[in-house]
Amino acid sequence: GAVAAAAGAGWLYLRREKERRLRSRRLRDLRALALGQGDFHLHDTSGTPRSKADFLGSWVLLYFGFTHCPDVCPEELEKLSRAVELLEREPGLPPVQPLFVTVDPERDDAAALGRYLRDFHPRLVGLTGTPEQVRAAAGAFRVYVSAGPPDADGDYVVDHSVLTFLVGPDGLFRDYYGRSRTAEQVAESVRGHMETYEPLPP
């Protein structure tokens with residue numbers, strides 16, 4: 001019995017050590033890819049300049065979209081808001097900061113963002129900037145953005161990557177979620193990242 005117990009304990013230790021090494025290797029790979037590591041320089045709906053440094057120390061769920069989006073962006077923002085609400089219900093978990101970065105700065109100024117985001121999570125921060133600043137922010141997260149041709153009324157649709165990014169307290173990209181993930185699945189994934197979080201040295 002003692003031998004069996006010792007063998008079982010040894011197996012559990014080896015399994016946990018293997019999982020720890022896999023997590024560390026994955027984080028190193030994410031850093032090497034530099035996905036989402038670039039800084040951004042935008043401003044929020046009150047005109048306050050914002051950069052990635054403002055959110056260090058916080059978990060962030062970040063979505064790129066635009067206010068004239070007919071259906072996809074509202075659905076994704078509803079899902080993001082719901083995931084944050086689910087996480088807020090769990091005592092002991094650190095807060096998650098939801099962010100929305102426009103990919104259509106020509107139409108999405110601070111006032112337009114403020115009106116649009118009122119319908120979603122109360123802590124959802126909207127960010128915009130010059131076309132150059134927005135392109136740089138999208139490029140830092142490898143987000144594809146392409147504005148379509150305007151119609152007779154001057155309206156147009158912006159094609160873009162439909163992804164929600166999770167950024168850790170150290171400012172590193174940790175995960176991403178596509179349209180197929182539900183709010184419950186996003187919240188579960190974020191919770192898992194929080195529980196296994198290991199900050200890496202710069």
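View 1. Val101 stands opposite Leu127 in E5, and the bridge partner of Phe100 in E5 is Gly126. Strands E4 (residues 96–102) and E5 (residues 125–128) pair in the parallel sense over three bridges, where pairing requires that DSSP finds at least two bridges between two strands. Helices (H or I, at least four residues) and strands (E, at least two) are DSSP runs, numbered from the N terminus. This is a predicted model, in which local features need pLDDT of at least 70 and side-chain atom pairs count only at pLDDT 80 or more, while totals for chains, interfaces and linings use all residues. Residues are numbered from 1 along each chain as its sequence is written, and side-chain values use heavy atoms, with hydrogens and water left out.

**View 2. The two faces of strand E4.** Seven of the seven residues of E4 are buried, a term that means under 20% relative accessible area, whereas exposed means over 50% and partly exposed lies in between (1.4 Å probe, protein chains only). Val96, Pro98, Phe100 and Thr102 lie on one side, with Gln97, Leu99 and Val101 on the other, and both faces are covered.

**View 3. Strand E4 within the sheet.** On another stretch of pairing, seven bridges join E4 to strand E3 (residues 59–65), and these two strands run parallel; here Leu62 stands opposite Leu99 in E4. Seven strands form an open sheet of mixed pairing, in the order E2-E1-E5-E4-E3-E8-E9. Strands E2 (49–51) and E9 (173–177) stand at the edges with a single partner strand each, so one side of each is left without a neighbour in the sheet.

View 4. The side chains of Arg82 and Glu184 meet in a salt bridge (3.8 Å, N to O), which is defined as a side-chain nitrogen of Lys or Arg within 4 Å of a carboxyl oxygen of Asp or Glu. This pair links distant parts of the chain, since Arg82 belongs to helix H2 and Glu184 to helix H5 (residues 183–195), 102 residues apart. Arg82 counts as partly exposed at 30% relative accessibility, and Glu184 is also partly exposed, with a relative accessible area of 42%.

View 5. Arg174 forms a salt bridge with Asp170, the closest N and O atoms being 2.3 Å apart. Arg174 is buried, with a relative accessible area of 3%, whereas Asp170 is partly exposed at 23%.
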